[in-house]
Structures are given as C-alpha cells and as structure tokens.
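Please read the points below alongside the model, as a colleague's note on how its parts meet.

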Amino acid sequence: MEKIITIDNLIFEYAHSEEHSRQLALNDVNLDIYAGSFTAIIGKNGSGKSTLAKNLNGLLIPTSGVVYVDGYDTADDDTIWEIRQRAGMVFQNPDNQLVSSIVEDDVAFGPENLGVEPAEIRRRVDKALEDVNMGKYKNKAPHLLSGGQKQRIAIAGVVAMKPDIIIFDEPTAMLDPKGRKEIMKIIAELHEEGITVILITHFMEEVIDADRVIIMHDGNVLLDGTPEEVFSKADIIKGANLEVPLMVELGDRLRAQGIPVPKGIIKEEEMVKAICQLKSQN
Amino acid sequence: MIRDITLGQYYPGDSLIHKLDPRVKIIATLLFIIELFIVDNFIGFAICGAVLAAVIIVSKVPLSFIMRGLKPILFILFFTFALNIFMVKGEVIWSWGILHITKEGVRIAVFMAIRLVLLIIGSSMLTLATKPLSLTDGIERLLSPLARFGFPSHEIAMMMTIALRFIPTLLEETDKIMKAQQARGADFETGGLMKRAKALIPVLVPLFVSAFRIAQDLAMAMEARCYRGGDGRTRMHEMKLKKRDFIAFALEAIFLAIVIIEARMF
Amino acid sequence: MSIKVTKLNHIYDKGMPTEQAALVDISFEVNDGEIVGIIGHTGSGKSTLLQHLNGLLKATSGSIEIGGVDITQPGVSMVDIRKKVGLVFQYPEYQLFEVSVAKDVAYGPKNLGLTEEEIDERVREAISLVGLDYDKVADRSPFELSGGQKRAVAIAGVVAMKPEVLILDEPTAGLDPKTHKDVLGMIKEVHERTGNITILVSHNMGDIAEMADKVIVIDSGKLVTMGTPQEVFSKGELLKSVGLDLPPITEFCNEIGINDTVLSLDEAVGKIVDLIKE
C-alpha cells in the first residue's frame, strides 16, 4: 500500500508565554499512514492525540521532525493549502466550525476558498449534502439543527473540498447516542468510497471497525496494530488508565473463570458466536 | 422581547422583490432615503408612500408584520413630533402658558413624522425581503471597488456573515448561563440599577469566555478549510444582473426624476 | 424528604400559533435517599422537567411537592426552592466566572444569605466532597484547571448550597472514560455522604443501570414507563420504540439467550458461566 502521510521523529511542544515553560505534547512520534486506510487513534485527555491530529494538516507545525502529507512538508508555507485541501478536518464542537447561517452556503465555504468555479461548487455542494443525507436541509439555518445534523454539515463541508484524507478529531464527543451512530455510519461510508480516515476518539466502541488502532500515551505511541492485536494487550491498555472494549473485558473475565473463549474477540457478533458454540459443545 | 424586533429581520418569501439582486435593492433603498429628504410637500410624500406601498404589495410581506417593527421607535416618533411642534417659531395658532404651537411647527412636525415612518418602513423592506447573507454579499460587492484603496470590504462582509451565524448561538448561550446562575440563586429581576448591573457579572464573564472559545475554534476550522482572505476566492452564488434588475433600476431612476421635478415645481 | 409530582403539564407559547405541549400529565414520586435516573432522547422533555423541579420554569398546571411543600404555589419563595433543590446543568463548567475556585463555589451559598463562616465552611466541605484538595485549588483560577476538575468545581458550586435534592443534567457529557468514571464516583460519594435525593439525566444507559434505584422514561413530554432498572431495562422493545437503547451488556446477554435482565458485567460473567456449564 502507498504511504499518504509520513511522520518522522515528530516532537511538539506548547510554549506557555507567561511562565517561559514548555510543555512536551508529542515526544518523538514515528508513523506512516497508508492511502485508503481507516486508522483510529485513542488516548485519554492530554495524551497528545489531538495535538497529533493538528500536526497532520499544518494547523500546528512540528517543533522538530517532519510531517509529509502526500509528499508535501507541512512546515512549508508555500504548499500549506495543497495540504489542507488534501487533508480535511472535522472538529469536536459541532457549533463552532460552521461559518454561515445557511447550510448550503456553509458547505460551499471550502470550495469557495479553493477558487473552484461556481457551477462546480454547486454540483459539489449538492453531492456532499446528499452524501451525508442532509439534502433537504440545504436552506435551513444551522442553529435549528441537532448536534448530529450540524456535525453532518461539517463533514459535508469537508467532503465538498474533495480531500484524500479526512481527520476526525473526536467528532462524536458532544453528541447523543443517535447522533453518534449517524456520524459513525457516515465515516464508514466515506472510508468505503476510498477516503483515508483518521479517527481520534476516546470511545472504544468506535474503533473496532478500524483497520488499525494506535494508542497514544504521554505523547508517545503506546500500541499500534490491528484492533485484534492491540486489544489482546489489555494489561498494557489498562496500565495506561484506559479502558478496553466491552467484549475484550468480557472475554478476559470469562477466561479467568475457565471458559475458553478465544482471545482477540472484539466484536459483539463474534462473541455471541463463540459463546453459542461453547454452549452447544457441552 | 428580542423576538418582537422586526427591524433587520428577514421575512422568507419568493416574491419579485425577494428575487431582485441585493445590490439593486441596497442602492434603491439608499436612493429612497435621499428622496425622502428631497421631498418637502404632501404630494411628494404621497408619491413616496405610493411607491413604498407598491413595493410592500409586490413583496407579499404582511403589513401587520411590518408595523410591528414600528413599535420600538414609537417613542422617538412622539419625541421628535413634540420637539418640532413646540419649538419651531412662526405664526402662533394655539398657546398654553409657555407652550406655543405654530403653523410652521405643525407642518414640520407632521412632515418629519411622515418622513421617519417612511424611512423606517422603507429600510426595513430591504432586510425583510433580502436574505441576510445575500445582503452581506451585496454590500461586499458594492464596496469591492474600494478594496483597491485598502478598504477591507471582504473582511467586513465576512464579519457580518459570522455575526449573523453566531447571534442565535450566543443568545442561546446567554439563556443557558442565566438559568444556571439562577439555579445558584442569582437574582436578575429585583434591586436597584447597581445591584442589577452587578448581578450580570456572573453572566457576562462566562459569556465572554464562551465567545473567545468560539472565536478560537472557528478560526482554526476556517483555516483548516483553506480560508485565506478574499483573494482568489470564488462564490457559489454568482451575482449577475438579470432583466428584472435593470427594469427595477429604470423604475427607480424614473421615480427619482419625478421626485426631483415635483420638489422643484411646488 | 420526598418528591411528589402530580399531573404536571407545561405548554410553551400558550395561546400562540407556536403553542406546543412540552410536558403532558407527568406524575411520579421519589422517596427519601433515592437515586433516580431520567432517560429519553434529545428533545423528549427531560430538560423541561428538570427546570420545573428547580422553579426555573412554571407549570401550566399540576403540582410539585418537595418535602411536603407545593413549589408551584405562588407564595413559595425562589430562595426556599433553591435551598431545597440544586440543579447542575449540562457542561456546567461553562458557568464558572470567579477569579478563584473558592469564590466561585461560594457564589451559591452567598446568594442564600449565609454568614461568612457558614459560607467558608460549606465551600471547604463541597470542594473536598467532589474529590478536590481545598488547599491546592482554592486560590487558583477555575479557568486553569483541567476539564474534569472544572466540572468538579462547577458541581461543588451547587453542592455547597446543600440541596436536599441534587439534579444533574448529563453530568458526564463530553468527558473521557477515566474522567467519566471519576465524576460518577464523585456523584455517588456526594449522595452517600449527604443522603440527598439524586436525580440523574443521562444518555448513557450503562451509567443509569449502575447508579439508579428508579428509572423514569420520558418521550414526547409523556412519562412512558417507570420502575427499577431491572423492570425498565426488561422492556427492550418499548425502549427501542422511543429511540432508546439497552445498556450494552444487557443487550448482549439478550442476544445469547439469557432472559433475565442483566445489568452489570459481573452478573453477566456469572450467568454466562452457568449457561455454558449447564
């Protein structure tokens, strides 16, 4: 597979002007993200996961080390807009990222900034709104929509820029369960259409469909691998004050009770199957 | 209540007036205001009133909705009326103690009142029949020739767009904070002016904090969406003057001519 | 101390074309010392109900008796209601405004007209009740604290008013799993130490199953069902019809054919062991 993002020896420090102190947020991170993949990044608050996300499209520039997006260096001012067009970003707060008081004008904001032709913007906006199932709300005001709907508009605004990569920075943290499900479904659909997805989250249920899970802890990569690989190391995850998905926890407890459910089960369907099999064997 | 203010409010519709190019409507409104000050006799005001009435009828905005917008300015209306009627010197037609009403006073007071009413209704027609966003677009494009001289026309329009977007959000936020502080025993309704002003601090501080947080988040989101000022930016809604816009312009020009001629004649 | 809500109705914009019934004939009782969970999807009327209990909204009809006093009666003073009922809103850290943590927590007690000594004592008590170290945080600006600490300070601000009924609207919204657990633990701690009635609104069914003695389900302003978590979460179909889920572990146990309403992981492990070894 082709690398689309390369992170080499990334160190990032926040400078606090008042105290002359510096806070190390990322300490020597090395990662490659492959085109078309779905990568989930988990970590508790302060683990550096959001700082990492903002380093991926040049919203933050490395203190040292380099980040390449599709071959462009994020520290290069001349190509920063190339990077941001390719790597779109959806943020946590659904309210604070919409610019316009009319839905379709908000979706048009990105393509307008890119200087796209008006007729083409129109096509992209209509398509993007259809993609997130918000076509019939195109003339509504965002403040009349629910949190999940606003977040769908924010996604449409990024989709309309035709990015190769979308970075989702805790997109569901402020939503109710219904909104959360809607957003996760859309993220899965975008991934299927070939978009490289990077999902920052602290909800374990949201990462089990990813093809790669990265766990951040204290500014470093603690674990990196397929969900099965990563969650088989439950002790390391718990040691970092994080939780594991419910099914992993259940599997561990059952094995401790002498029930031989196989290791590496993270999805509910698989656990149901495993338990039913054991039941029929007895 | 905030809800009662129609001045600056938009009344959704798809009438001919709604469809006109915002630039045409802005210029027409400015001309209408100028005309109101050229006019100085009843026939002139009658012409202006008739034109405005025609615009209202075509726009299909209900009259009751427009009239509600006049309520907040009733006080100003009475005040200027009283000021004019008693202060203007001339032929006295009625007096009581130190108060005198003159013929000229009545004339000026009545004209001023009519002028004010027409002015308010006329300018509120602009906002009632134009989407706020097309209004800011129109202003941006009308001011764009000034950008060559360093005038920040794009930035001003962007600021207005963002303000329109976040006014409802901040109103909601204010309501939430007020309720939260009320639940902690805050009292916004009783006491003297000082006490009430002081009671607002627990609302204003969190509101400012909120506003700063929104600004910070929004700036980052705009940057992530490749916003870099007005240069090289295209727009989804192109503004092209259509036939109806030229007709509206022609009508406005004729109207202006009539007003000027009429003012000269009488 | 108990709460008795009888035939509570609330109509927004009564007599206007936008008239809308937000609460319809809501009746329930809460006994002394109970933790009550209120669930319902966004816009179901939960928040409207909470604001009635605190006197922020006025009932169109019906009564709310708290400790034998009907707070919907015109003669009841707001201060009296707020001494009895504390309300913590969603994202309460957004209401912090003072220069120091201690001053912010003191705001509520001050509004109750207490003496300096009483206020100071309550502030100390409330800050330690929510799991913070008074000496470490009292003089710091609330704005420099971490997200979880800010929320704790905001909750302390209401706890310091010593309400006999503490209502929390989505107290764990937007928190990471660790802080989420801390806040739930803190709410339990406050409940146990003060013996108050706690009313908890949450979208997290797992939390409700774990915390509540009684669960109230609201949909379109109506009370759909009410009972122990066992009773309510045994009605999976009914909950789905009003847009709610079962706690994940309950759902899972249903799927593998355990018919009892399982509410915790421990219970689930036991039942699954039985199921397989049978």
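The points that follow take the chain interface and then the domain interface.

1. This is a predicted model, in which local features need pLDDT of at least 70 and side-chain atom pairs count only at pLDDT 80 or more, while totals for chains, interfaces and linings use all residues. Residues are numbered from 1 along each chain as its sequence is written, chains are lettered from A and ligands numbered from 1 in the order in which they are written, and side-chain values use heavy atoms, with hydrogens and water left out.

2. Between chain A and chain C, 25 residues of chain A are in contact with 24 residues of chain C (contact means heavy atoms within 4.5 Å). The area buried there is about 2500 Å², with carbon and sulfur atoms giving 66%; buried area is the accessible area (1.4 Å probe) that two parts lose on being put together, summed over both.

3. The rule finds 3 salt bridges across the interface of chain A and chain C, a salt bridge being a side-chain nitrogen of Lys or Arg within 4 Å of a carboxyl oxygen of Asp or Glu. K181(A) forms a salt bridge with D245(C), with the closest N and O atoms 2.9 Å apart.

4. Chain A is divided into domain 1 (3–243) and domain 2 (245–282), with bounds from an automatic or database domain assignment, and their C-alpha centres lie 33 Å apart. The contact takes 10 residues from domain 1 of chain A and 8 residues from domain 2 of chain A.

5. About 750 Å² is buried between domain 1 of chain A and domain 2 of chain A. In domain 1 of chain A, I208(A), E228(A) and F231(A) lose the most area to domain 2 of chain A, together 55% of what that side buries.

6. The count between these two domains of chain A is 2 salt bridges, and the side chains of K238(A) and E249(A) meet in a salt bridge at 3.1 Å, N to O.
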